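Please look at the sequence and structure below before reading on.

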Amino acid sequence: MLGALIAAAPISVSALDSPTRKTGRSGRLNLSFEPYELQLRHAFNLARNQRTTTPGVQVQIEYDGIIGYGEASMPPYLGESVASVTEFLSRLDLSQFSDPFRIEDIHEYMESVAPNNRAAKASIDIALHDLTGKIMGQPWYKIWGLNPDNTPNTSFTISYDANPSEMKKKIEETAPFKVVKVKMGVGHDKETVEALRRVSDVPICVDANQGWADKEEALEMCHWLADRNCLFVEQPMDKSAIDDTAWLRERSPLPIIADEFIQRLPDVKRAAQAYDGINIKLMKSTGMHEAYQMATMARSLGLKVMLGCMTETSCAVSAAAQLAPLADWADLDGNLLISNDIFDGMKIVDGKITLPDRPGIGVVKV
């Protein structure tokens, strides 16, 4: 079935290898896509699973010879797969749209085709932003009127590994970065931080991925981390534990940031009841269009803004980076965690997100 779906939306090698413009004018949006599995440099050990790969789908939208790139990345907890994404994309008829700037209308159309499918919708949204930015000849941070000098440092993510030599390699890879993100909730939380602290005093942030059992444990960990130069804690407890999270926020010496709790725009106001900030990810928000609205709403509610990502190529990471000047913190290292990136885009220079002066989302295929 998957082969049939992909055959229904073939991708020519010439289209994949094109810079941005080809000859001919179509006057319609032409969608093509293909699966692309991301290979992790190290095993990712999270509170609820371990993995060495992340399934993905690469997307292109062509309009009048200009190509916009997009991407869907599907870690297990999103509930999407290559099969579900390609099935959703195969149902779309973007050829009915003659104007790629009708992004709002296209989002409404995608919602009418099927609910959820957030990563699949994000892949279309990212490609549309890349395409329209290229048509305008401007990167999206300029279109939004954002100052690229205001981008934050990005954190670099590590997780616990029982193999001491592998753990040592992970810690050594954090050296170029000014913030380190530690994945927690796996039973070795303090051990991982202490291993890092033996060689570095760089600020850390932690992501428990809903892994702490109760509010008392979470509060104890927050106090312990506050004494070890920690900036904030992401999703300490289950996303359904709203009252316990609000209790924790009132007592914690560290900001509490929503991750799994926050998906799309309607969740932002709910997050303000129990969290100090939100982590916006394109694969959850259906792309850049809604992510920008979430960031501006969060600001209006006094919430901190963090930009995150999944394990992704530089395509989706560079798309998220266009929003970076709006963020207090960023965790845009997904492209650095894989060994088979096929794009060149945003760079990390001395720990800081650096946006390329290229139109669209700022990527080229390599």
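Patches are built from residues with over 30% relative accessible area and no salt bridge, where like charges are joined within 9 Å and nonpolar side chains (Val, Leu, Ile, Met, Phe, Trp, Tyr) within 5 Å. A salt bridge here is a side-chain nitrogen of Lys or Arg within 4 Å of a carboxyl oxygen of Asp or Glu. Accessible areas follow the Shrake-Rupley method with a 1.4 Å probe, and for residues only the protein chains shown count as cover.

The model is predicted: local features need pLDDT of at least 70 and side-chain atom pairs count only at pLDDT 80 or more, while totals for chains, interfaces and linings use all residues. Residues are numbered from 1 along each chain as its sequence is written, and side-chain values use heavy atoms, with hydrogens and water left out.

**Surface patch.** Phe101, Ile135, Met136 and Ile143 make a nonpolar surface patch of about 300 Å². Ile135 lies in helix α5; helices (H or I, at least four residues) and strands (E, at least two) are DSSP runs numbered from the N terminus. With a relative accessible area of 33%, Ile135 is partly exposed, the class between buried (under 20%) and exposed (over 50%).

**Whole chain.** The secondary structure comprises 14 helices and 17 strands. The radius of gyration, taken over C-alpha atoms, is compared with a globule rule of 2.2 Å times the number of residues to the power 0.38.

| Property of the chain | Value |
|---|---|
| Radius of gyration | 20 Å |
| Box of C-alpha atoms along the principal axes | roughly 60 × 45 × 40 Å |
| Accessible surface | about 14100 Å² |

For 366 residues a compact globule would have a radius near 21 Å, so the value for the chain agrees. Of these residues, 58% count as buried. Carbon and sulfur atoms hold 50% of the accessible surface. Among contacts (heavy atoms within 4.5 Å) between residues at least 6 apart in sequence, 69% join residues at least 24 apart.

**Cores.** A nonpolar core is a set of buried Ala, Val, Leu, Ile, Met, Phe, Trp, Tyr and Cys residues joined through side-chain atoms within 4.5 Å. The largest has 114 residues, and Ile124, Leu225 and Leu332 have the most contacts inside it. Helix α5 (residues 118-136) gives the largest share of this core, eight residues. A second, separate core of six residues includes Cys205, Phe232, Ile257 and Trp329. Beyond its neighbours within four places in sequence, Leu225 touches residues including Met184, Trp212 and Leu254.

**Phe97.** The loop between α3 (82-91) and α4 (103-113) holds Phe97, which is buried at 5% relative accessible area.

Notes. Buried < 20%, exposed > 50% of the residue type's maximum accessible area, 1.4 Å probe, protein only.
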